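Hello,

Here is the structure I promised to pass on to you. Please open it and keep it beside this email while you read.

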Amino acid sequence: MSSHAATADHHGHDDHHHDPGFLRKYVFSTDHKMIGIQYGLTAMVFLAFGFYLMMVMRWSIAYPHQPLPEWMAWLFSDNWKARWLADGKVTGETYNMFGAMHGTIMVFLGIVPLGFGAFGNYITPLQIGAVDMAFPRLNMASYWMYLAGGLVMCASFFMESGAAKSGWTNYSPLAGFADGQIVNQWLAGQTQWLIGLVLLISSSLLGSVNFITTIINLRARGMTWMRMPFFVWAMLVTGFLLLLAFPPLEAAGIMQLMDRVSHSSFFMPSGLYTAKEGLADLSGGGSPLLFQHLFWFLGHPEVYVLLLPAIACVAEIIPVNTRRPLWGYKSMVYGVLVLGFLSFIVWAHHMYLTGMGPVVSTFFQTTTVLISIPSVILITSMIISLWGGSIRFTPAMVWACAFLPMFGIGGLTGLPLAFNLVDLHLHDTYYVIGHFHYVVAPGILFGLFAGVYHWYPKITGRHMSGFLSHLHFWPSLVCMNLIFFPMLTQGMAGFHRRWYNGGDAYLAKAKDSVNVFGNSVAEHIDLNIIMSWAAWAMALAQIPFVINLFISWKTGRKVESDNPYHATTLEWATPTPPGHGNFLTEPAVYRGPYEYSRPDCEEDYLPQWEEPKRGADAPAEKPATPSAH
């Protein structure tokens with residue numbers, strides 16, 4: 001179906017169905033914009049819950065001998081606290097539960113749905129001139145499967161077994177034995193984690209097929225491949241990453257589910273012995289390493305599923321606010337394609353400690369170093385785009401500028417981990433946590449916050465408060481670095497990521513001069529308090545954002561035009577906010593996405609949709625037919 005035919009069909013649909021009703025419009029909507037908003041708001045709720053779990057963990061690390069304060073324990077009932085807290089203190093079992101669910105929620109329920117589900121759904125069809133996604137009902141099903149998966153996972157906190165406790169990676173055989181005391185394994189938290197994971201992966205597969213089909217088939221007249229905004233390229237690559245990398249993990253999840261409920265042994269080896277049961281009664285013959293391979297084959301592409309939407313947001317914000325074209329646009333496009341390919345051949349650098357030989361480890365060291373090249377191309381292009389620009393430090397631009405060095409720190413601290421000699425010492429320490437979180441928290445989340453501030457006027461027709469946005473940004477920037485930079489120091493001192501008491505157990509031996517490690521722990525353990533207070537301050541720093549997000553929807557300053565930033569990409573050609581069908585007339589594209597400060601134009605921007613003037617060099621700006629049509 002061509003975009004033109006789809007436009008006519010949607011306008012015809014509009015004529016006969018003016019008001020679909022509350023449920024069809026706001027709950028079971030098939031409109032990509034409403035689904036994007038649903039994804040965004042739901043993901044933010046899950047992010048807040050995942051952040052809460054982290055705050056409880058930070059209390060246990062900083063103050064292991066003190067009970068959890070009431071302002072932190074209010075979320076759970078007295079019965080739950082009696083079951084999972086010892087005299088009000090966080091136990092090792094509870095810490096493991098919160099740690100596993102924190103990682104799961106932030107990655108699978110928070111950042112991916114916010115970046116790919118929310119921004120991707122809302123912005124991608126607008127930027128390519130489509131009236132909706134290719135499969136609107138599939139889009140709705142994708143959201144509801146995501147929500148169901150998230151609720152299944154989080155509801156497991158209130159089961160007899162509690163939620164999953166085997167880490168967010170869920171390694172076998174530990175995950176195969178977890179919650180073994182539960183008679184009905186279908187009602188065990190570890191099993192519910194797997195059911196939720198299968199639902200989440202199915203949701204992502206539906207979304208990825210939808211995005212790929214939409215971008216290839218529903219581009220507007222004239223929207224050739226190299227006229228697509230970088231945002232759309234990033235979403236296309238992200239869609240392929242999800243489509244190709246998630247099925248192995250879904251298969252692994254189903255196989256591990258069978259290990260738990262049907263007593264198969266896909267990942268359970270022979271000869272397992274436990275202190276409670278002795279020699280495990282298993283058919284055996286399974287491979288725990290197979291699960292690790294299947295998990296990390298998804299796990300590393302997943303990093304770029306998290307990252308690319310944030311980079312895409314920043315790449316759209318910088319040209320608008322520097323009034324310059326995106327420097328190296330084609331290099332960035334080729335770079336993101338190479339990045340997507342290389343992300344599939346680096347997974348085993350997470351597995352250096354499994355005993356792989358020097359030949360295999362050398363291969364994965366090489367590919368891991370190679371993948372830094374396209375990443376450097378992307379970030380360098382965006383930094384150079386700032387050079388010589390007439391920079392407008394809007395709220396979105398401030399977040400975008402902060403993204404660049406924060407992501408840079410995250411990337412640079414990852415390079416040492418590419419080498420197995422270094423990784424043998426740093427694996428499972430706080431150095432790895434610091435590196436990964438510099439990429440994900442001040443990196444990716446800063447990029448996504450930038451996107452919220454940038455497109456909020458288009459979504460709502462109102463601007464967010466500049467004062468509240470700065471009140472959100474500056475404390476967040478300071479707190480992010482106070483939380484994660486000390487982790488790098490602690491990691492190099494040997495602090496393990498799974499110490500629920502922050503290393504307190506080593507202090508008793510710290511005075512023993514022979515105990516070098518105990519002395520090292522004593523030297524750096526006070527950083528736990530700094531990081532924890534920074535984390536709690538970080539929570540307070542998000543309050544202005546929440547207020548801004550909801551108050552501005554009704555009381556924010558109204559936009560004065562459909563294109564308040566004088567931007568060039570197609571989403572700014574729609575009404576504000578866009579209605580059903582998005583565009584009032586069929587859009588056509590005459591030029592590339594970042595035509596700023598052209599010397600032959602009176603204005604400092606030339607939108608993609610503006611027809612060339614008569615007498616101009618028409619052949620170069622005539623709408624070409626996209627090759628996929």
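Where does His263 lie? His263 sits in the loop between helix 10 and strand 3 (273-274); helices (H or I, at least four residues) and strands (E, at least two) are DSSP runs, numbered from the N terminus.

Before the rest, a word on the model. This is a predicted model, in which local features need pLDDT of at least 70 and side-chain atom pairs count only at pLDDT 80 or more, while totals for chains, interfaces and linings use all residues. Residues are numbered from 1 along each chain as its sequence is written, and side-chain values use heavy atoms, with hydrogens and water left out.

Back to His263. Its phi is near 60°, a positive value in a residue other than glycine. With a relative accessibility of 62%, His263 counts as exposed (buried means under 20% relative accessible area, exposed over 50%, partly exposed in between, with a 1.4 Å probe and protein chains only). Arg323 also has a phi near 60°, positive in a residue other than glycine. Arg323 belongs to the loop between helix 11 and helix 12 (329-342), and at 5% relative accessibility it counts as buried.

Now to helix 10 itself.

Next, a pair of helices. Helix 14 (residues 372-386) and helix 15 (residues 395-414) pack at an angle of about 135°, with their axes 11 Å apart. This makes helix 14 oblique to helix 15 (under 35 degrees counts as roughly parallel, over 145 as roughly antiparallel, 65 to 115 as roughly perpendicular and the rest as oblique). Among the residues that make the contact are Ile379 and Met382 of helix 14 and Phe403 and Leu404 of helix 15, where contact means heavy atoms within 4.5 Å.

Lastly, look for two cis peptide bonds. One joins Ser172 and Pro173, with omega about 5°, and Pro173 lies in the loop between helix 7 (136-155) and helix 8 (174-177). Another joins Thr576 and Pro577, with omega about -10°.

Happy exploring!

Methods:
Axes are lines fitted to C-alpha atoms, for helices over the stretch in contact, and angles run from 0 to 180 degrees between N-to-C directions.
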